[in-house]
2 protein chains.
Amino acid sequence: MIRPMRAFKHPTPQELTLERVLYALSDPVRLDIVRYLANVPEATCGELDGGRPKSSMSHHFRVLRDAGLVHTRNVGTTHMNSLRRDELESRFPGLLASVLSQR
Amino acid sequence: MIRPMRAFKHPTPQELTLERVLYALSDPVRLDIVRYLANVPEATCGELDGGRPKSSMSHHFRVLRDAGLVHTRNVGTTHMNSLRRDELESRFPGLLASVLSQR
DNA sequence: TCGATAGTTCGATGGTAATCGAACTATGGT
DNA sequence: ACCATAGTTCGATTACCATCGAACTATCGA
């Protein structure tokens, strides 16, 4: 009886709130993650820790996931993260691009 | 020896950080304040409390001021608040408009 | 099946933020 | 001068959040 690895819950675009998205983006670590993900198709969690403990990174990815910014899928032993560009665009048109355009 | 009412400190556009702005906007009460201010030239603090204590409103206005979103000037016994549209636009072009365009 | 690897979850800690009442300050009006 | 009004500041409480180590889970490879 093999149970598959627990899948992550990803909110639908309708479930997203502007406050939650802005809050998720208001942390320097998470903003860096989002900026990084904006330039690659996907990235693993480990690829993004800046020497930080895995548990801290896991926390930030969870916040980003719960806010609807990031999608995580399981690939072997790693977790592949990607920006939910299209869903974000459908729910908050132009918002992500606007934030990412700031320096 | 008359001392004028203590003036508020307003950060310059250069001093603003994206994280701070996004954080200030991530609270429902403050987001409502900003949305309201977007539709009027100026507004007093009292005009915006939704039955909340004055001290709570004062706190939120302070956060918005410190983040650089709101300017407060003294007019008689009241405080007139306005959105710092131009400064915001110069520091984070398009950001405020993008956030305000979301429902 | 035995590591090794990648990441999550748990629990604790410290820091920060929201909230409110109460006291205080400043201004204008009478 | 006195009072009312508008808002700030202070202090306390509560709640939440970032951080980290440690234990746990899942997958792959040997």
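Predicted model: local features only at pLDDT ≥ 70, side-chain atom pairs only at ≥ 80, totals over all residues.
User: What makes A:R73 and A:E42 a salt bridge?

Analyst: The cut-off is 4 Å between a side-chain nitrogen of Lys or Arg and a carboxyl oxygen of Asp or Glu. The closest N and O atoms of A:R73 and A:E42 are 2.6 Å apart, so the pair counts as a salt bridge. A:R73 sits in strand β2 of chain A and A:E42 in the loop between α2 and β1, 31 residues apart.

User: Why is A:R73 called partly exposed?

Analyst: Partly exposed lies between under 20% (buried) and over 50% (exposed). A:R73 has 38% relative accessibility, so it counts as partly exposed.

User: Is A:R84 buried or exposed, and how do you know?

Analyst: Buried means under 20%. A:R84 has a relative accessible area of 6%, so it is buried. Its salt-bridge partner is A:E87, at 3.6 Å from N to O. A:E87 is partly exposed, at 30%.

User: Why do β2(B) and β3(B) count as paired strands?

Analyst: Pairing needs at least two bridges. β2(B) and β3(B) share six bridges, in the antiparallel sense. B:V70 stands opposite B:L83. In their hairpin, B:G76 takes a positive phi near 60°.

User: What makes the relation of chains A and B a two-fold rotation axis?

Analyst: A rotation of 180° with 0.0 Å of shift along its axis superposes chain A on chain B, RMSD 0.0 Å. The two copies are thus related as by a two-fold rotation axis.

User: How do you know that the copies meet through the same surface?

Analyst: 100% of the interface residues of chain A are also interface residues in chain B, so the surface is the same.

Technical notes:
Residues numbered from 1 in each chain as written. Chains lettered and ligands numbered in written order. Heavy atoms only, no water. Least-squares fit on C-alpha atoms with pLDDT ≥ 70 in both. Contact = heavy atoms within 4.5 Å. Helix = DSSP H or I, 4+ residues; strand = E, 2+ residues; numbered from the N terminus. Buried < 20%, exposed > 50% of the residue type's maximum accessible area, 1.4 Å probe, protein only.
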